[in-house]
Amino acid sequence: MIVSVAGNLIDDYPKLAAILDREEGISALELNISCPNLESGCSFGADPDVTGEVVRRVKQNTALPVI
């Protein structure tokens with residue numbers, strides 16, 4: 001199963017990744033970065049720096065593949 005992770009704040013993503021990392025049956029995490037980013041007023045994916053920050057922080061909190 002691939003789980004889609006979404007959030008309104010950058011901190012939401014690594015927190016959810018850490019929780020999901022402990023669950024059985026998950027093959028990968030998909031980052032829904034088209035969600036509105038309440039910290040910058042645009043979607044996460046519209047800003048390459050924010051995208052990189054989200055991915056970096058998620059990868060620090062999970063051993064699962066991130067797509």
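In which element of the protein is confidence lowest, and in which is it highest? The structure is a predicted model, and its mean confidence is lowest in strand 3 (residues 36-37), at 60, and highest in helix 1, at 97. Over the protein the mean pLDDT is 89, with 87% of the residues reaching 70 or more. Where pLDDT is low, the predicted coordinates should not be read in detail.

The packing of two helices was examined next. Two packed helices are described by the angle between their axes and the distance between the axes. The axes of helix 1 (residues 12-21) and helix 2 (residues 48-59) come within 8 Å of one another and cross at roughly 25 degrees. Because angles under 35 degrees count as roughly parallel, helix 1 is described as roughly parallel to helix 2. The crossing of these two helices is right-handed. Helix 1 contributes Tyr13, Pro14 and Ala17 to the contact, while helix 2 contributes Val54, Arg57 and Val58. Classified by residue type, this contact of helix 1 with helix 2 contains five nonpolar residues, one charged residue and no polar residues.

Salt bridges were then considered. Two were found in a search of the whole structure. In one of them, Asp11 is paired with Arg57, and the closest N and O atoms are 2.4 Å apart. Asp11 is located in the loop between strand 1 (2-5) and helix 1, whereas Arg57 belongs to helix 2, so this pair ties together parts that are 46 residues apart in sequence. Arg57 is also one of the residues through which helix 2 makes its contact with helix 1.

Definitions and conventions. Residues numbered from 1 in each chain as written. Predicted model: local features only at pLDDT ≥ 70, side-chain atom pairs only at ≥ 80, totals over all residues. Heavy atoms only, no water. Axes fitted to C-alpha atoms, helices over the stretch in contact; angles between N-to-C directions. Helix = DSSP H or I, 4+ residues; strand = E, 2+ residues; numbered from the N terminus. Parallel < 35°, antiparallel > 145°, perpendicular 65-115°, else oblique. Left-handed = near helix turned anticlockwise from the far one by under 90°. Contact = heavy atoms within 4.5 Å. Nonpolar A, V, L, I, M, F, W, Y, C, P; charged D, E, K, R; others polar. pLDDT = per-residue confidence, 0-100. Salt bridge = Lys/Arg side-chain N within 4 Å of Asp/Glu carboxyl O.
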